[in-house]
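Reader: I'd like to go through some labels on this one. Can you show me how each gets decided?

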Amino acid sequence: MGNINDNSDTLIVPRGSRQGVVIISLAEWNSIQETLRLLKSDENRARLTEALKRADDGIKEDHELID
């Protein structure tokens, strides 16, 4: 189980002819859930996609940190 937590590995447990089970770390599960939440809104998904495109194109914006 150490590799699952330490390396974000996935453990697949086959169950014969029945559906198997996947074991992942809680951190990985939380990350997946956050990604799904962020991508749920069409508007937010479009904003994130555009931001990723700008980052890939080397376009950046500097902003002051808010306290």
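This is a predicted model: local features need pLDDT of at least 70, side-chain atom pairs count only at pLDDT 80 or more; totals for chains, interfaces and linings use all residues.

Reader: What makes the contact of Asp42 and Arg45 a salt bridge?

Author: The N to O distance between their side chains is 2.2 Å. A salt bridge needs a Lys or Arg side-chain nitrogen within 4 Å of an Asp or Glu carboxyl oxygen, so this pair qualifies. Both residues sit in helix α3 (residues 42-56), three residues apart, or about one turn of the helix.

Reader: Why is Asp42 called exposed?

Author: Its relative accessibility is 56%, and exposed means over 50%, so Asp42 gets that label. Arg45 has a relative accessible area of 31%, which falls between 20% and 50%, so Arg45 is partly exposed.

Reader: And why is Asp57 counted as partly exposed?

Author: Asp57 comes in at 49%, and the exposed label takes over 50%, so Asp57 stays partly exposed. Lys53, its salt-bridge partner, is partly exposed too, at 47%. The closest N and O atoms of that pair are 2.9 Å apart.

Reader: How do you know that Asp62 and Lys60 form a salt bridge?

Author: Their N to O distance is 3.8 Å, and the cut-off is within 4 Å, so the pair counts. Asp62 and Lys60 are both exposed. By this rule the count comes to four salt bridges.

Notes
Residues are numbered from 1 along each chain as its sequence is written. Side-chain values use heavy atoms; hydrogens and water are left out. Helices (H or I, at least four residues) and strands (E, at least two) are DSSP runs, numbered from the N terminus. Buried means under 20% relative accessible area, exposed over 50%, partly exposed in between (1.4 Å probe, protein chains only).
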